[in-house]
Amino acid sequence: LLSYYVLTIKSDPRKELLLAIKNDQFYVVYQPVVRSETLQISGVEVLMRWRHPVAGEIPPDVFINLAETQQIIVPLTRHLLTLIAQDAPVLQTLLPAGSKLGINISPIHLHAGSFQQDLQRFTAAMPTDHFSVVLEITERAMIDKNRSLENFDWLHEQGFEIAIDDFGTGYASLSYLRKFQFDGLKLDKSFIFTLGDSPQNQAVVEKIIDLGKAYSMEITAEGVETLEQLTFLMKNKCDEVQGYLLGKPSAIADLNLNAAVLSAYSLGHTMN
């Protein structure tokens, strides 16, 4: 992925990222998240995209990795928060009060000195008491245990929720569940893709769902693409689902949550 970027851009990555922020090449898309019990929209996950004027769409894995290695991830995340706040008045008309906004936060930003100030500025720019903001953080964020615990306590005091993202892909997931207070657990899509491969894979997903519930966390499954996957997750009481079956990531101008609701509704009738 990094080679792809270097060969395509043929420029200084750090300079290219800063220019992209300055020239508004980054934009935001939103993917519906659906309650599995009711098949109603519970919120959206916020995802950043980069449309380069020469190279076209740069894959998120590429520019996020580059932003971290080039020490641009903090200003990039600040830019993401600004873009969300700009979209918020429209989002407020599409989503009812209490809807979740899932936002990915880099471990580097979590431990940055400006982190709390950046989140306070974001809160001040958002509609009051309309959205429930869920910060999605990977296991790498917990390497600095003391700093993470301090920030987690502060986030909960400020009304943010915290979800552990891509659960199951790290090396010490269970120990993190014991040490940190998470509100949600996002089951990595790699587990969902392999649900139909074997009973063993299904058993692993069942156990992860049970584990999350034992810690009183909301469980969200990513990457749901088939009716069979959705049926399995509903049967095993996974709280929320997201994926192409229920709605693709869309720019706010193209976001049609009513269509996502109708799609989920028709799926529910199909299963019944």
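Colleague: What should I know before I start?

Modeller: The model is predicted, so local features need pLDDT of at least 70 and side-chain atom pairs count only at pLDDT 80 or more, while totals for chains, interfaces and linings use all residues. Residues are numbered from 1 along each chain as its sequence is written, and side-chain values use heavy atoms, with hydrogens and water left out.

Colleague: Is strand 6 mostly covered or mostly uncovered?

Modeller: Helices (H or I, at least four residues) and strands (E, at least two) are DSSP runs, numbered from the N terminus. Buried means under 20% relative accessible area, exposed over 50%, and partly exposed in between, with a 1.4 Å probe and protein chains only. Strand 6, residues 161–167, is mostly covered, with five of its seven residues buried.

Colleague: Which strand does strand 5 join, and how many bridges join them?

Modeller: Two strands pair if DSSP finds at least two bridges between them. Strand 5 (residues 131–137) and strand 6 run parallel and are joined by four bridges. Leucine 135 stands opposite isoleucine 162 in strand 6. Strand 6 is also joined to strand 7 (residues 184–187) by three bridges, and these two run parallel. Phenylalanine 167 stands opposite leucine 187 in strand 7.

Colleague: How many cavities of 30 Å³ or more does the structure hold?

Modeller: On a 1 Å grid over the protein atoms alone, a cavity is a set of points where a 1.4 Å probe fits but cannot get out; a pocket is an open set with protein on both sides within 12 Å along at least five of seven lines; lining residues have an atom within 4 Å of a point. Grid points are joined across faces, edges and corners, and a volume is the space filled by probe spheres set on the points. The structure holds one such cavity of 30 Å³ or more. The largest cavity has about 180 Å³ of space. Its lining has 20 residues, and Lys100, Val134, Glu136, Thr220 and Glu240 are the closest to its centre.

Colleague: Which strand gives the most to that lining?

Modeller: Strand 2 does, with four residues. Strands 5, 6 and 7 are among those that each supply at least two.

Colleague: Where does the largest share of the lining of the second largest pocket come from?

Modeller: Strand 5 supplies that share, three residues. The second largest pocket holds about 220 Å³ of space. Its lining has 13 residues, with Thr123, Pro127, Asp129, Phe131 and Val133 nearest its centre.
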